[in-house]
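Subject: Structure handover

Hello,

Here is the structure we talked about. Please open it alongside this note. What I found follows below.

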Amino acid sequence: MFKFLTIDGLIFLILGWGFVFGLLGFSLLRILKNESKSKSKSK
Amino acid sequence: MEQKREQWASRWGLILAMAGNAVGLGNFLRFPVQATTNGGGAFMIPYFIAFILLAIPLMWVEWTIGRHGGRYNHGSLPGMFDSMWNHPISKYIGAFGLFISASVMIYYSVLVSWTLAFSYFSLTGEFNGMNDLTMMKDFLLNFQGINSNSFSDIIPSYIFLIITLLFTFYILSKGLSGGIEKFALVAMPLLLFFAIAIAIVVLFIGTPDPTKPEFSVWKGIAYTWNPDYSLLSNPKVWLAAAGQVFFTLSVGMGTLQAYASYLKPKDDVVLNGIATASINEFAEVILGGLIAIPIAVAFFGIAETQVIASGGSFNLGFVSMGVIFQKLPFGNFLGFAWFFLLFFAGATSAVAMVQPVISFLTENFGYSRKKATVFVGIAILISVHFVIFNLKYGFLDEMDYWSGTFGLVLIALIEIIIFGWIFGIDKGWKELNEGAELKIPVIFKYIIKYVTPLYLIFILGFWTIQEALPTLFMEGKDPSTHSTLWGARIFMVVLYSLLCFMVYKGWQRRKLDKLDKLNTLD
């Protein structure tokens with residue numbers, strides 16, 4: 001599967017994917033957290 | 001009579017609408033070509049640097065300008081700039097922003113209609129038996145009317161264009177929450193579902209011909225991510241990366257501002273903006289990077305894929321993908337899924353491009369949303385005829401360069417200077433952080449004021465010398481197309497002049513409205 005990727009290529013792929021998934025996960029989880037906080041406050 | 005300002009019905013509706021605004025054909029077609037022809041994995045270095053220093057600051061600035069303008073009932077750049085910069089010229093500079101979104105929409109709607117057409121053709125088996133690139137390319141050129149001089153040959157593409165325009169304007173006529181938001185809540189999850197499904201299929205394809213081990217999806221992925229460091233010393237790569245992040249987030253078009261103008265004054269723009277940007281990057285870096293190039297390499301090999309990619313995004317996205325799906329089981333359905341996800345990506349962006357003009361008419365001329373939608377719809381319908389009948393002579397490409405490429409960067413530079421230097425970075429920073437659900441590192445205050453403008457000046461400077469001047473003087477263009485290219489330029493100048501005139505009239509009307517109100521109070 002990874003035989004064509006060089007070490008550098010693998011590093012760039014992991015960093016690139018990691019950045020995107022990290023940003024996506026962080027922002028969506030933060031929104032979910034804030035939304036549930038504001039829902040419980042309004043109750 | 002003032003109409004109550006519309007609002008987003010839900011936070012997720014807002015985020016998906018903004019993500020729809022950003023996610024477009026470029027995520028799936030332009031990004032793979034740019035990445036692989038500009039150094040592969042090494043391209044990601046200038047890409048992510050540009051993302052942090054250029055795209056994110058501009059995206060935050062545009063959300064803030066939009067929300068600020070909405071407070072004064074301005075959903076388009078003329079009014080937004082006017083509310084930040086107390087100078088008579090500010091609204092006419094804002095009119096240039098309105099011109100950008102309107103003129104891009106004129107030709108973008110044609111591209112979106114092609115994706116709808118190809119979805120239909122895939123599903124109905126029109127591509128059955130089209131096993132090679134030449135056959136598919138001929139089909140595309142015939143469909144576009146490039147291979148013919150007769151209107152009857154482009155009747156199918158004309159019909160799909162009318163359907164696309166009717167659909168887009170139907171969505172817009174239903175309003176913000178009833179139309180744009182509802183559409184985004186359906187289109188974006190479906191788009192992502194189709195893209196993820198196709199990406200999974202691509203990964204399972206692996207090496208379709210075991211006798212050609214280099215013809216492999218994994219080779220394609222490696223081609224995208226293995227770095228060619230030698231290209232990093234080439235300024236063109238840095239410019240290409242900056243351009244890609246710029247276009248991918250749809251900054252510089254006035255569309256983010258238009259959507260943000262419907263936020264309440266204390267609604268968050270920071271976290272919402274980051275969420276939107278990250279959805280866009282997921283569609284681009286992950287999904288866009290996993291589909292077109294890897295599957296093209298699996299079936300055509302690296303060398304042929306490089307030739308395909310050098311022919312442009314449509315060569316990759318329409319011609320090669322169309323042929324590839326013919327070679328797969330359930331190819332008709334997969335082809336439909338591919339082109340339909342591109343249709344959703346394009347349609348959600350197209351809707352966003354028209355919204356500033358509709359806002360402009362409803363807020364400054366008192367049009368109802370339906371009346372504004374019909375008015376703009378007719379104007380766009382008339383204008384697209386210039387594009388479709390002059391496609392082969394470069395009308396679309398000329399508009400794409402001046403409004404969709406150069407113009408975007410120019411507007412972005414203007415707005416960040418207005419935000420950071422004229423409105424003032426202290427006021428701007430306070431406005432940006434109003435209601436923020438995420439603390440922005442203070443360094444971004446200085447990035448917005450100094451780094452981003454300098455980066456944009458650098459890009460514009462380079463582009464002016466390397467591209468704008470040669471484009472202006474039509475270097476390398478077939479002399480038989482010169483009259484069409486001048487026609488496109490005159491068209492754009494007339495459109496901008498018309499918008500400036502409408503701004504002038506709109507502001508006169510606002511002044512009269514204010515006087516009437518004062519007289520009523522007396």
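Which residues have the most contacts inside the largest nonpolar core? They are B:A55, B:M59, B:V245, B:F246 and B:L341, in a core of 188 residues. A nonpolar core here is a set of buried Ala, Val, Leu, Ile, Met, Phe, Trp, Tyr and Cys residues joined through C-beta atoms within 7 Å. Buried means 20 or more other C-beta atoms within 10 Å of the residue's own; exposed means 12 or fewer; partly exposed is in between, with C-beta atoms placed from the backbone.

Before you read on, two notes on the source. This is a predicted model: local features need pLDDT of at least 70, side-chain atom pairs count only at pLDDT 80 or more, and totals for chains, interfaces and linings use all residues. Residues are numbered from 1 along each chain as its sequence is written, while chains are lettered from A and ligands numbered from 1 in the order in which they are written.

Chain B overall

Chain B has 20 helices and zero strands. Those are DSSP runs numbered from the N terminus (helices H or I, at least four residues; strands E, at least two). Its C-alpha atoms fill a box of roughly 85 × 55 × 45 Å along the principal axes. Buried residues make up 55% of chain B.

B:A55 is in contact with B:A50, B:V245, B:F246, B:L249 and B:V251, leaving aside neighbours within four places in sequence. Contact means that C-beta atoms, placed from the backbone, lie within 7 Å.

Helices α3 and α19

In chain B, α3 (residues 44-71) and α19 (residues 443-472) pack at about 115 degrees, with axes 9 Å apart. Axes are lines fitted to C-alpha atoms, for helices over the stretch in contact; angles run from 0 to 180 degrees between N-to-C directions. From α3(B), B:L53, B:L54, B:P57, B:L58 and B:V61 meet residues of α19(B) including B:F444, B:I447 and B:Y455. This contact has 10 nonpolar residues, one polar and no charged. Ala, Val, Leu, Ile, Met, Phe, Trp, Tyr, Cys and Pro count as nonpolar; Asp, Glu, Lys and Arg as charged; the others, Gly among them, as polar.

Two positive phi values

Most residues other than glycine have a negative phi. B:N73 has a phi near 60 degrees. B:N73 sits in the loop between α3 and α4 (77-84) of chain B. B:M474 has a phi of about 55 degrees. B:M474 sits in the loop between α19 and α20 (482-521) of chain B. B:N73 is partly exposed, with 17 other C-beta atoms within 10 Å. B:M474 is also partly exposed, with 15.

Chain A

Chain A has one helix and zero strands. Of its 43 residues, 19% count as buried. Between the chains, 21 residues of chain A are in contact with 21 of chain B. On the chain A side, they divide into 12 nonpolar, five polar and four charged.

Best wishes

Technical notes. Contact = placed C-beta atoms within 7 Å.
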